[in-house]
Amino acid sequence: MFLKIFGFYIQGLLMAVFFVLLIGLCWILWRARQHKDKTVRERQAFLYEVLMMALVTAPILSFAFMAIIMMLKS
């Protein structure tokens, strides 16, 4: 039972990481097209912020994806 739940968590974590990276990439590209950041320092700060948000939200979203996977499998 524990291994099944752990497997669902790993699947949810992989899906969450993919989702967060996709959204972060879209956000970076949108800001680049809009020319929001004028200097290199602003661009680096934004990339750092996106990375930090991705690292924080991916584990939290993994539980949501895990719950969805468990509901679909049952």
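Student: At what relative accessibility does Tyr9 sit, and how does it count?

Tutor: Tyr9 has 21% relative accessibility, so it counts as partly exposed. The scale, with a 1.4 Å probe and protein chains only: buried is under 20% relative accessible area, exposed is over 50%, partly exposed is in between. This is a predicted model, where local features need pLDDT of at least 70, side-chain atom pairs count only at pLDDT 80 or more, and totals for chains, interfaces and linings use all residues. Residues are numbered from 1 along each chain as its sequence is written, and side-chain values use heavy atoms, leaving out hydrogens and water.

Student: What describes a pair of aromatic rings?

Tutor: The distance of the centres and the angle of the planes. Rings of Phe, Tyr and Trp (its six-membered ring) pair if their centres lie within 6.5 Å; planes under 30 degrees apart are stacked, over 60 edge-to-face, the rest tilted. This structure holds four aromatic pairs. One of them, Tyr9 with Phe63, is tilted: 5.2 Å centre to centre, 40° between planes.

Student: Which helices hold Tyr9 and Phe63?

Tutor: Helices are DSSP runs (H or I, at least four residues), numbered from the N terminus. Tyr9 is in H1 (residues 2-34) and Phe63 in H2 (residues 40-73), 54 residues apart. Phe63 is partly exposed at 48%.

Student: Why is the pair of Trp27 and Phe46 edge-to-face?

Tutor: Because their planes meet at 85°, with centres 5.1 Å apart. Trp27 lies in H1 and Phe46 in H2, so the pair ties together parts 19 residues apart in sequence. Trp27 is partly exposed at 35%; Phe46 is buried at 7%.

Student: What sits over the ring of Phe46?

Tutor: A charge sits over a ring if NZ of Lys or CZ of Arg is within 6 Å of the ring centre and within 35 degrees of the ring normal. Here it is the charged end of Arg31, 4.3 Å from the centre of the Phe46 ring.

Note on methods
Helices (H or I, at least four residues) and strands (E, at least two) are DSSP runs, numbered from the N terminus.
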